[in-house]
Amino acid sequence: MSRATVGKLAAYEDAGGEGFTPEGEAVVYLGAAGGERAAAIARQATSVLAVEKSPVAGLRLVERAKAQADLVPVVGDARQPEAYGPLVPELGLLVQDVAQPDQVEIFLDNADRFQPERGYLAVKARSIAVDRPPEQVFDRARERVAEEAAVREIVSLDPHHEDHVMIVADFDGASP
Amino acid sequence: MVSRALATQWFGVFLYEDDDLVDRELFPARAEAIARRLEAVATGQLLDEERQMLDGVEDVRVADERLLTHAATMEGPVPRARQRPADHDLDPALRQEAAIDRAEAAIEAQLSAEGRHLVQAVAYLDETHEIENRMIERLTSWFRLHAPALVDEVDDGVELARLVARHDDREAIARALDVDPGMGSALDPNEMRALEGLAASIVQQAQAREPLERFVTELAREMAPNIAQLTTPAIAARLIQHAGGLEELAKQPASTIQMLGAERAVFQHLTEDAPPPKHGVIFRHPMIHEAHPDDRGSIARAMAAKVAIAARADALTGNDIAGELEADLQARVDEIQRVGRRRAMRGSDR
Ligand SMILES: C[S@@+](CC[C@H](N)C(=O)[O-])C[C@H]1O[C@@H](n2cnc3c(N)ncnc32)[C@H](O)[C@@H]1O
């Protein structure tokens, strides 16, 4: 895990992204690992629901949550949003950093269910395909997100995270 | 016709008609009670509160698959998280408290479930190894009767099996290897088919082992990152298997950890007067088996002591302490080897 390095959101801001402003928002963070970054966001947001699949990382996440009231831990799979759905409040921001082959679909499923206003998807090219050029993987990911949302930005996270981009998308957020 | 929807939030179940809240069933305002319901939802069950609310109404839109098991429901858009706890006189802090309860239970269940998977997978890995080795021995000794020169040419059993499985007779194999088939008794066609079948089983067995080995090392790395880094993922997996799980391993003293996996040797020592075994699974670590024989015992002891600490971190806190442990261990090993060399210079036969 890239514990010692700059986080994906910080790298995105560093690279000239428009910015991530969680103040006053409810946030869902998928792929929170030990919760280092989710906790930092929770200090500004109204709350962060942090979802992490690995039970070992989950141990650290829970310890951190015990010390911070607005960090709500879920040890579960982001592919099963049904499982943590009841805990998700009316949502402002969806942040995802899971490094999985189906990361784009995971992001869209969660967005579809929880209807955030805006989503931040960290895409790792090598998790999706090692045998295709990253640019091609990113294009495909952007196109796929654009089918469901308005893509605001796609920002390369080099040099902090090689072959990663952040895709920022606006969902209309209107409840049915 | 009214349009109904049911939404479950962490503190209760809510029924809407034409977007207005018409009914609610609140959960007991205690973290454990809520955590229990979160678990039921996560495992796909219908909550009692949901059932009560659905009985007696019809055509209710729901978002979750688990709710579709009730006859009154159909899939459709549902108002998301519209209720706030404060609107129902509930303390919002209960949400985090219940989530922590639930997460702790999920961690507990998963860690021990993973341990059980690992124990099975490692045991199976050993079994496939043993079966494969036996089949290779059979193939080698049998095929040697027909083509001793060919068998000598190939030193890897699986490779030999691949050749036998792929070619129709020993001449074809000899051509593939570009060697003289040499002497050897003739092959009956049925005998050749039988040998091919045996060879094909070996190849298949070897192929099946790859994903199994990947599963084991990846799971070991995930479950026990500290032990895996300090030793190797394969050693970590075997330590967990011999202890019967990560939690069990974390309870063992270093002296036991040092011997894990040496059980059979211990038994032989007791029953057959064999020499006492010195090391268990951790002996496979290059740091130990590449060391001077006189130093191995001390290094194994030092490593077992660090593994004991790593196991407690992996099982209890999840803290990453492998780097420190590695540095400590290296320092200790340098010290052991320095003392060993000094002893050697003083004249003992080293
Ligand atoms: C690249 S790390 C995230 C690092 C973290 N966001 C940070 O900046 O510190 C990816 C994390 O996602 C988790 N993960 C992978 N697949 C997941 C899934 N399906 N659901 C939830 N978490 C997942 C991994 O266990 C890992 O902890």
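This is a predicted model: local features need pLDDT of at least 70, side-chain atom pairs count only at pLDDT 80 or more; totals for chains, interfaces and linings use all residues.
Figure 1. To get from β4(A) to β5(A), the chain passes through helix α5 (residues 103-114), making a right-handed β-α-β crossover.

**Figure 2. Strand β4(A) beside β1(A), with its side chains.** Here we turn to strand β1 (residues 26-30) of chain A, which runs parallel to β4(A) and is linked to it by four bridges. Look for Tyr29(A), which stands opposite Val95(A). Within β4 (residues 93-96), Leu93(A) and Val95(A) point one way, while Leu94(A) and Gln96(A) point the other way. All four of these residues are buried. In a regular strand, side chains alternate between the two faces of the sheet.

**Figure 3. The largest cavity, with a volume of about 160 Å³**. A search of the whole structure finds two cavities of 30 Å³ or more. The largest is lined by 17 residues, and those closest to its centre are Arg113(A), Ala7(B), Thr8(B), Asp64(B) and Arg80(B). Strand β1 (residues 4-9) of chain B gives the most to this lining, with four residues. By type, the lining holds nine nonpolar, three polar and five charged residues.

**Figure 4. The second largest cavity, at about 40 Å³**. Its lining includes Pro86(A), Thr8(B), Trp10(B), Phe27(B) and Arg37(B). Two elements of chain B, β1 and α1 (31-42), each give two or more residues to this lining, and α1(B) gives the most, with four. Seven of the lining residues are nonpolar, two are polar and one is charged.

Terms used. Residues are numbered from 1 along each chain as its sequence is written. Chains are lettered from A and ligands numbered from 1 in the order in which they are written. Side-chain values use heavy atoms; hydrogens and water are left out. Buried means under 20% relative accessible area, exposed over 50%, partly exposed in between (1.4 Å probe, protein chains only). Two strands pair if DSSP finds at least two bridges between them. A crossover is right-handed if, with the strands pointing away from the viewer, the path from the first strand over the helix to the second runs clockwise. On a 1 Å grid over the protein atoms alone, a cavity is a set of points where a 1.4 Å probe fits but cannot get out, and a pocket is an open set with protein on both sides within 12 Å along at least five of seven lines; lining residues have an atom within 4 Å of a point. Grid points are joined across faces, edges and corners, and a volume is the space filled by probe spheres set on the points. Ala, Val, Leu, Ile, Met, Phe, Trp, Tyr, Cys and Pro count as nonpolar, Asp, Glu, Lys and Arg as charged, and the others, Gly among them, as polar.
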